[in-house]
2 protein chains.
Amino acid sequence: MNIYDVSEKAGVSIATVSRVINGNSNVSEKTKLRVLSVMEELGYTPNVFARGLGLNTMKTIGIMCTDSSDIYLANAVYFLERELRFNAYDSILCCTGTSLENKMQYLNLLLSKRVDGIILVGSKFLSSDPDTSDNDYILKAAKQLPIMLVNGQLSGDNIFCTLCDDKSAVYSVTDDLIKSGRKNIVYLYTSTSYSGKDKLSGYKKALEDNHLEVNPDCFHMCTKSIVRAKEYLNELYLNNISFDAVVTSDDSLAVGAVKFAFEHSLNIPSDLSIVGYNNSVLANCTEPELTSIDSKVETLCVTAVESLMKVFSGGKVPERTVISADLIKRNTTNF
Amino acid sequence: MNIYDVSEKAGVSIATVSRVINGNSNVSEKTKLRVLSVMEELGYTPNVFARGLGLNTMKTIGIMCTDSSDIYLANAVYFLERELRFNAYDSILCCTGTSLENKMQYLNLLLSKRVDGIILVGSKFLSSDPDTSDNDYILKAAKQLPIMLVNGQLSGDNIFCTLCDDKSAVYSVTDDLIKSGRKNIVYLYTSTSYSGKDKLSGYKKALEDNHLEVNPDCFHMCTKSIVRAKEYLNELYLNNISFDAVVTSDDSLAVGAVKFAFEHSLNIPSDLSIVGYNNSVLANCTEPELTSIDSKVETLCVTAVESLMKVFSGGKVPERTVISADLIKRNTTNF
DNA sequence: TTGTACGCGTTATCAG
DNA sequence: CTGATAACGCGTACAA
């Protein structure tokens, strides 16, 4: 079943059939209708390989993320797929894990598949160390096709970033906590990626601007896990390091903080205020429900795909688009 | 940069280069090494379109789900992608939403992309009405390529199902609740899919086998939402319909039940026992943590991909593989 | 408005 | 073990 079968049955040449398929105007209405009906009758679908061979594109985008089962990334993947589909692009999903070797391997795989562009989701793709060569594979790939970073930051030719203003978000909420009377604010985070460092610096700056000391015990990196967060807070508690607020870089850590408070019969928010990040479904699960920073995944993804389409059509696209986060106030804070 | 460039530079024919690429044994070690080094030097990658054109396969599987941002489905997508990748297959992701029209459209799209197989994840793809023609598009597609259902049930040629024994799981936990003294058990569910009906029938059968009355107010379908579950339980409460246990078809509903208990200062599990489903991260968020049925997504996905590979290699694959669920006991039950 | 003929880069067959 | 050559199905100059 190919274009020849259709052309024969319709009594026209394959060129005419091709014109009809691709909406070329130079076909008489009459033959167009005849071809269309034959195509329908035969249930004909153009062969994408043959088409791709000539055009050297399959209208396919590679989406890379470290782990699509992560709530944040799963949402991102969902929105990206939706937007790409809307623009008639397929999505090839690649979950790379965190090792550099795997990331490189997957990226090369996508290049060899001749995808039209690649979207890297999450800041975990990038080393935030400015002196490293760990990001070179991305710069190199960008020589072949456009690369979009969602919530990641890397500057280079043909690389476009869409990110959330994490630093301001954390700064602002930390500042809110201080203004509402909190003196000892713990910050828990899960990664030292660009975005991870950004958030941390927002926390520190808020303390400094309010002339509060930055206690090294009070900011701590831990695995993205409810239990781990709880454990660390317990450790502080046992060491008599007192604190009256916990800001986190992920809702799961905030859930851990809620559990810590429950274990020690602390009242939330009066004894302990808690702020989550990402405004995920987890924020609605705890009692009381979490105040959380909404990092605007959907907006980020929509913008990234919009930009990519603009790149394809030769339009001018900013290297870096920054979107502000929202603070969603619920019941783990009293402002 | 194509196979001709390589052949010329290596001083061999394109046939030999092709043999080297595809690991064909009939090449002398010496020429093989020479070709390999030229390929390396030129940074040559075979063109997938040309290859696909000849072989009529791109080693790509279509994964369809209604919504990849759903926690359960996100996990499934993650595991499927991982397993497919392990077998050197790419994954094209399609989130269809729930309308039949969209599902059909996406399926046809995948067919036209010449994927090698399609995996339908979640029971929401299928009408469980035996008299409907709503599933015909799947039967039709199965004439062209193998279709795997993960947690769905449809019998037909070239269709293979991997599913969890939901009925037994719900039966068993309901029975446990009754044996531990519960008299009035509410069952909350989110869908009337095959799996949805299966779970419900497990609940009813457990009541019947224990000579308890099945009260129509006590099993109720509601949207997959924490708030909705809580609202329905509140409604029962206001209507003085008493109950001492809630079994749900999804953890989110169970979270709603926990919130209901909190609102009315009911003790969990003594006043109210609660059972979730899917053993998702939500089960660890509440206080107390949820007893939940683990529906074994990972096993399901691994099995489905294994079966698919077996189908490709011409092996015999059962039409239906059933996997038992596990009950993960936490603190919302007292058995 | 329509048709012819070629190129796209592989793999596979067959002959040597 | 190696090489020549025919498919594979489509898009598109170019010709009519």
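Visitor: Which residues lie nearest the centre of the largest cavity?
Guide: In this predicted model, the largest cavity has a lining of 15 residues. The strands E2 (90-95) of chain A and of chain B each supply at least two residues of that lining. Nearest the centre of the cavity lie A:Met58, A:Thr60, A:Ile92, B:Met58 and B:Ile92.

Visitor: How much space lies in the largest cavity?
Guide: Rolling a probe the size of a water molecule over the atoms shows where empty space is left. The structure holds five cavities of 30 Å³ or more. In the largest cavity, the space comes to about 130 Å³.

Visitor: How many residues of chain B are in contact with chain A?
Guide: Contact here is a matter of heavy atoms within 4.5 Å. On the side of chain A, 43 residues take part. On the side of chain B, the number is 43.

Visitor: What share of the area buried between chain A and chain B do carbon and sulfur atoms give?
Guide: The area buried between chain A and chain B is about 4,000 Å². Of this area, the share given by carbon and sulfur atoms is 64%.

Visitor: What distance separates the closest N and O atoms of B:Lys113 and A:Asp90?
Guide: A search over all chains finds 30 salt bridges in the whole structure. The pair in question crosses between chains, with B:Lys113 in the loop between helix H6 (100-112) and strand E3 (117-121) of chain B, and A:Asp90 in strand E2 of chain A. Six salt bridges are found across the interface of chain A and chain B. B:Lys113 and A:Asp90 form a salt bridge, and their closest N and O atoms are separated by 3.3 Å.

Visitor: Which element gives the most to the side of chain A that touches chain B?
Guide: Between the two chains, 16 residue pairs are in polar contact, both residues being at pLDDT 80 or more. Helix H4 (48-55), helix H5 (71-86), strand E2 (90-95), helix H6 (100-112) and helix H11 (251-263) of chain A each supply at least two residues of the side that touches chain B. With seven residues, the element that gives the most to this side is H5(A).

Visitor: How many nonpolar residues has the side of chain A that touches chain B?
Guide: By class, this side of chain A includes twelve polar residues and nine charged residues. Its nonpolar residues number 22.

Visitor: Which element gives the most to the lining of the second largest pocket?
Guide: The second largest pocket holds about 920 Å³ of space, and 31 residues line this pocket, with A:Asn108, A:Leu109, A:Leu111, A:Ser112 and B:Thr45 nearest its centre. H6 and helix H7 (136-141) of chain A, together with helix H4 (48-55) of chain B, each supply at least two lining residues. By class, the lining has 17 nonpolar, seven polar and seven charged residues. With six residues, the element that gives the most is H6(A).

Visitor: Where does A:Pro269 lie?
Guide: Most residues other than glycine have a negative phi, and most peptide bonds are trans. The peptide bond from A:Ile268 to A:Pro269 is cis, with omega near 5 degrees. In chain B, a cis peptide bond joins B:Ile268 and B:Pro269, with omega about 5 degrees. As for A:Pro269, its place is the loop between H11 and strand E9 (273-277) of chain A.

Visitor: What is the phi of A:Asn240?
Guide: A:Asn240 is in the loop between helix H10 (226-238) and strand E8 (245-248) of chain A. Although A:Asn240 is not a glycine, its phi is positive, at about 60 degrees.

Visitor: Which backbone oxygen does the side chain of B:Asn210 reach?
Guide: B:Asn210 lies in the loop between helix H9 (194-209) and strand E7 (219-221) of chain B. Its side chain makes a polar contact with the side chain of B:Asp175 at 2.8 Å. At 2.8 Å, the side chain of B:Asn210 also reaches the backbone oxygen of B:Ala206.

Notes: Residues numbered from 1 in each chain as written. Chains lettered and ligands numbered in written order. Predicted model: local features only at pLDDT ≥ 70, side-chain atom pairs only at ≥ 80, totals over all residues. Heavy atoms only, no water. Buried area = accessible area lost by both parts, 1.4 Å probe. Salt bridge = Lys/Arg side-chain N within 4 Å of Asp/Glu carboxyl O. Polar contact = N/O pair within 3.5 Å; in protein donor to acceptor, adjacent residues only side chain to side chain. Helix = DSSP H or I, 4+ residues; strand = E, 2+ residues; numbered from the N terminus. Nonpolar A, V, L, I, M, F, W, Y, C, P; charged D, E, K, R; others polar. 1 Å grid on protein atoms, 1.4 Å probe; cavity = no way out; pocket = protein on both sides within 12 Å on 5 of 7 lines; lining within 4 Å. Points joined across faces, edges and corners; volume = space filled by probe spheres on them.
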